Amino acid sequence: MTAVAQKTVLTGCLAPIDKDGLEQLIANGKANPKVIKTLKCKTVAEGRFRHSNYIRNLAPYIVDEPPGLLGDDTAPNPSEASLAALGSCLAVGLHANAVHRGWTVNKLELQLEGDLNITAVWGTGDVSEKPVGFTDVRVKVDMECEGISQEEVDALVQHVKKWSPVANTFTRPVNLEVSA
């Protein structure tokens, strides 16, 4: 099954990042490279398959399922939200690294799609041996920077993939503890 690729287009020069703030973050990271920050989210079931996710002091981030998975189709489903997290993390990294290099970004668009088998129906359906979750994720980056060659953009994309926290979460084992 292939997820529908979502398209977000940013054209013209992107709103600038605070370069001094970025340089301070870089300096802080180099000064103390072993700092670990714990991120938190509280998920509250609202009914059916709709959930409110509370992060920091932000408005709730809603996650739902589409009608084909018995949801109300009011928001992305969890797997789609994970693709959005990946796309956003890569986009942040691309933008920050471009600014750090002194590049002007005129366009930054990522199209993501992921393949997963949903026949296990969260462990209530076909629970025969099979991969659970995404088996393949594809990301296509369309980035245009003034005076920067495609080869340089391609190298930046690979650099950002290597250092993206969410990309690394997709590609390496993570310790996960779930308890009641």
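The second largest pocket is lined by 25 residues, and those nearest its centre are L25, I26, G29, W163 and P165. A pocket here is an open set of points, on a 1 Å grid over the protein atoms alone, where a 1.4 Å probe fits, with protein on both sides within 12 Å along at least five of seven lines; lining residues have an atom within 4 Å of a point. The model is predicted: local features need pLDDT of at least 70 and side-chain atom pairs pLDDT 80 or more, while totals for chains, interfaces and linings use all residues. Residues are numbered from 1 along each chain as its sequence is written, and side-chain values use heavy atoms, without hydrogens and water.

The volume of this second largest pocket is about 1100 Å³, taken as the space filled by probe spheres set on the points, which are joined across faces, edges and corners. At least two lining residues come from each of helix 1 (19-31), helix 2 (78-100), helix 3 (150-163) and helix 4 (165-171); helices (H or I, at least four residues) and strands (E, at least two) are DSSP runs numbered from the N terminus. Helix 2 gives the largest share of the lining, 8 residues.

Turning to the strands, strand 1 (residues 42-47) and strand 2 (residues 50-54) run antiparallel and are joined by 5 bridges; pairing requires at least two bridges found by DSSP. In their hairpin, with 2 residues between the strands, R48 has a positive phi near 50°. Strand 2 also pairs with strand 3 (residues 61-63), antiparallel over 3 bridges. H51 of strand 2 stands opposite A45 and also opposite V63 in strand 3.
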